[in-house]
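User: I would like a close look at a single part of this protein. Please keep it plain and take me through it step by step.

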Amino acid sequence: MEYTLLLISLLINILLLIMLILTRRKQETYRRTAVRHKEYLEMFIHDMKNPLSVSKSSLELLQDSEMTDMLSVFEQKKYIANALDSINRVFAMVLNALDVSKYGGGGLSLELEPVDIPLLVEETKREFQVRL
C-alpha cells in the first residue's frame with residue numbers, strides 16, 4: 001500500500017513537471033511570436049513614413065501659393081503624380097500587411113512571381129527625384 005502511494009505520488013509529480021515544461025515552452029513560443037509581431041509592426045510603420053513624407057511634402061509645396069506660382073503646370077503635375085504614387089505605395093503596403101495577417105492565420109497561400117527589377121529601380125529613382 002505504501003509503495004502504491006509513493007508510485008502514485010511520483011507519477012503525479014512527473015505529470016506536473018511535464019505540464020510545467022510544456023507550459024514554459026508555450027510561453028516562450030508566445031513571447032517570441034509577440035517579439036516578431038512587434039518588430040514587424042515597427043518595420044511596417046518605419047517603411048510607411050517615407051512615402052507619406054513624400055506625399056506630404058509634394059502637397060504642401062503645391063498648397064503654397066508662392067511656390068505654385070514659380071512652378072510650371074508640368075512641374076505641378078509631376079508633384080501631384082509623385083504624391084499619388086506615394087499614396088498608392090502606402091495603400092499597397094497596407095494591403096500586403098493584411099495579406100500577411102491572413103497568411104499568419106492560415107487563410108492565404110503564397111505564390112512566387114517574377115519581379116521586374118529595372119522597373120522597380122526606376123520607380124524608386126522617380127520617387128526620390130522630386131524630393132525637396
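Which residues make up the largest nonpolar core?

Analyst: This is a predicted model, and the values below are computed from it. The largest nonpolar core has 5 residues. They are Phe 44, Met 48, Val 90, Met 93 and Ala 97. Two elements, α1 and α3, each give two or more residues to this core. Helix α3 gives the most, with 3 residues. As background, nonpolar side chains tend to be buried together in soluble globular proteins.

Start with Phe 44. Phe 44 has a relative accessible area of 15%. The cut-off for buried is under 20%, so Phe 44 counts as buried. Now take Ala 97, another member of the core. Leaving aside residues up to four places away in sequence, Ala 97 touches Tyr 40 and Phe 44.

Tyr 40 and Phe 44 form an aromatic pair. A pair of aromatic rings is described by the distance of the centres and the angle of the planes. Here the rings are 6.2 Å apart, centre to centre. The angle between their planes is 20°. Planes under 30 degrees apart count as stacked, so this pair is stacked. The count of aromatic pairs comes to 1.

Where do the two rings sit along the chain? Both are in helix α1, 4 residues apart, so about one helical turn separates them. Phe 44 is buried, whereas Tyr 40 is partly exposed, with a relative accessible area of 31%.

Ser 58 is found in helix α1, which covers residues 2-63. Ser 58 is buried, with a relative accessible area of 3%. Its contacts, not counting residues up to four places away in sequence, are Tyr 79, Asn 82 and Ala 83.

Last, turn to the largest pocket. Its volume is about 410 Å³. The elements that give two or more residues to its lining are α3 (73-104) and α4 (117-129). Helix α3 gives the most, with 8 residues. The lining has 15 residues in total. Among these, Asp 85, Arg 89, Leu 120, Glu 123 and Glu 127 lie nearest the centre of the pocket. By type, the lining divides into 4 nonpolar, 6 polar and 5 charged residues.

To sum up, helix α3 gives the most to the core and also the most to the pocket lining.

Notes:
Residues numbered from 1 in each chain as written. Predicted model: local features only at pLDDT ≥ 70, side-chain atom pairs only at ≥ 80, totals over all residues. Heavy atoms only, no water. 1 Å grid on protein atoms, 1.4 Å probe; cavity = no way out; pocket = protein on both sides within 12 Å on 5 of 7 lines; lining within 4 Å. Points joined across faces, edges and corners; volume = space filled by probe spheres on them. Nonpolar A, V, L, I, M, F, W, Y, C, P; charged D, E, K, R; others polar. Buried < 20%, exposed > 50% of the residue type's maximum accessible area, 1.4 Å probe, protein only. Contact = heavy atoms within 4.5 Å. Core = buried A, V, L, I, M, F, W, Y, C linked by side-chain atoms within 4.5 Å. Phe/Tyr/Trp six-rings, centres within 6.5 Å; stacked < 30°, edge-to-face > 60°.
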